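Reader: I am new to reading protein structures. Could you pick one part, take a close look at the side chains there, and then show me how the surroundings are put together?

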Amino acid sequence: MQFSAPVVVKESLSPLLGLLIDRKKRWATYLSGSGSSILKFSYQVSIGDDLQSPLDFKYTRICTGGRDYINTGGLVVRLSEKLTLNANLGIGFADEGLSIADSHESGITIDTSQAPASTVVAVTTSKVSGTYGVGEMFDFNVEFSDQVFLSGDLPVLRLNTNSEAVYHTGNETDTLVFRYMSTSMNSILRLDWSLYPESDSAIGCSEECVMENANEVAVDTTFRDADGNILVEPLLPDITLDPSPPQIVSVETDKTASPYCHPLCSYTVGEEVRISVTFDKPVVVTGEQIYLAMDVTDDITDNSNRAFFLPEESSPLQLMFLYTVGPNHTSHGKGLAYVCDDSNCGLRLSQAATIKRASTTPTVDANLVLPPLPDHGVSMDESNLITVDTSGLPTVTIVSSSTSNGQYSPGDIVEIAVLF
């Protein structure tokens, strides 16, 4: 394709050239030519293409990778220092197509009637490597060598969890998408496709299920040849399914020991202590009425001992709580700790709040039992022991003057010390 002046292509927009092959819409991908007046595009012939006359091989418009030919600003621009002048992609193009060949005698023809059967090329998923739990949705993309046309019953993809992903979308394209939702019965170290027993395919297609290419030839769905060689690579990335609920692995604060020592180094009324509760698997929280009960009061009806949930400071693996020291609170001369007894040793939730394992559809409740307390409680270590003592108000013990004995006149300064 030649322009009247050198142009520059924004390759990040993945430009395409629309084609008509005997009225069938096709797309050619950008190949080269940026910085010159000639852009080259490449088209791979597909099964079903049939072109008897070179004049029926036409181009329509240049568009973005999203097949948008209207919002093409910046896609092709005039070569210059600033690269701001858009090429005119309206002149020289037409929706009904313009012939690439000059006549019936020159140009190309296409015949795919004798092409071999279409085959499975690859199985992929957009999920990243990691461990997933119950309620996670997976889309498996099964790529074929050509467009696949479905009719009748829909196919399924067998997985090594002894379950199947069902067809979701992709008819009349070269990629069928199969969708799968993990359940509490699924536990496997590495998720992958799996061949059906006594079969060389992981795709299930009943007698009423029709999978054909554009030539109406049945698609070859084999994943393994007659010699036992695997034709389709194992699924990447590495995905582990673990249906177990999240558990709390640690409860601690990064606050350092109190600098106020008279003589014990303890915190008093109004001091704030942020406490992190860490899970072994990501969680999702609904509601905010979640708290950690701190062992600082003897009155079970006193709710001032609660460390409240801080959603804005939390992450899927670590929930943050804020405890504020109140009147009459005490850690009994030990490290600040949470309440853990036979009746309740866990995070406390209102009826409207939940903590579940994170997934596409969260369904598994997290195990909210708190771990055994170390001797230093929620303190980070013994050297930074967080203690609370509000047992008494400071009182005056001595009032004295450090000024020397003697007689003083107006304007003299007398220093007085008040010791608490």
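Author: Let's start with Arg61, which is buried because its relative accessibility is 18%. Buried means under 20% relative accessible area, exposed means over 50%, and partly exposed lies in between (1.4 Å probe, protein chains only). Keep in mind that this is a predicted model, where local features need pLDDT of at least 70, side-chain atom pairs count only at pLDDT 80 or more, and totals for chains, interfaces and linings use all residues. Residues are numbered from 1 along each chain as its sequence is written, and side-chain values use heavy atoms, with hydrogens and water left out.

What does Arg61 pair with? Its partner in a salt bridge is Asp95, with the closest N and O atoms 2.6 Å apart. This pair brings together distant parts of the chain, 34 residues apart: Arg61 sits in strand β6 (residues 57–63), and Asp95 in the loop between β7 (76–78) and β8 (98–99). A salt bridge here is a side-chain nitrogen of Lys or Arg within 4 Å of a carboxyl oxygen of Asp or Glu. Strands (E, at least two residues) and helices (H or I, at least four) are DSSP runs, numbered from the N terminus. Asp95 has a relative accessible area of 46%, so this residue is partly exposed.

The structure holds 14 salt bridges. One of them joins Asp242 and Lys281, at 4.0 Å from N to O. Asp242 lies in the loop between β18 (239–241) and β19, and Lys281 in the loop between β20 (272–279) and β21 (283–286), so this pair ties together parts that are 39 residues apart in sequence. Here Lys281 is buried because its relative accessible area is 11%, whereas Asp242, at 24%, counts as partly exposed.

Another salt bridge links Lys356 and Asp365, whose closest N and O atoms are 2.6 Å apart. Lys356 is buried at 19%, while Asp365 is partly exposed at 46%. Shared partners also join the salt bridges of Arg190, Asp192 and Asp238 into one network.

Now for the strands. Six of them form an open sheet with antiparallel pairing, in the order β19-β20-β24-β23-β22-β25. At its edges are β19 (248–252) and β25 (348–349), each pairing on one side only. Two strands count as paired if DSSP finds at least two bridges between them. Strands β23 (residues 306–309) and β24 (residues 318–324) pair in the antiparallel sense over two bridges, and Phe308 stands opposite Leu322 in β24.

Covalent links come next. There are three disulfides, each being a pair of cysteine sulfur atoms within 2.5 Å. Cys205 bonds to Cys209 with the sulfurs 1.9 Å apart, and this link is left-handed because its S-S torsion is about -90°. Cys209 is buried at 8%, but Cys205 is partly exposed at 35%. Cys261 and Cys265 have their sulfurs 1.8 Å apart; their link is right-handed, with 110° about the S-S bond. Finally, Cys340 is joined to Cys345, at 1.8 Å from S to S. If you number the bonded cysteines in sequence order, the pairing reads 1-2, 3-4, 5-6.
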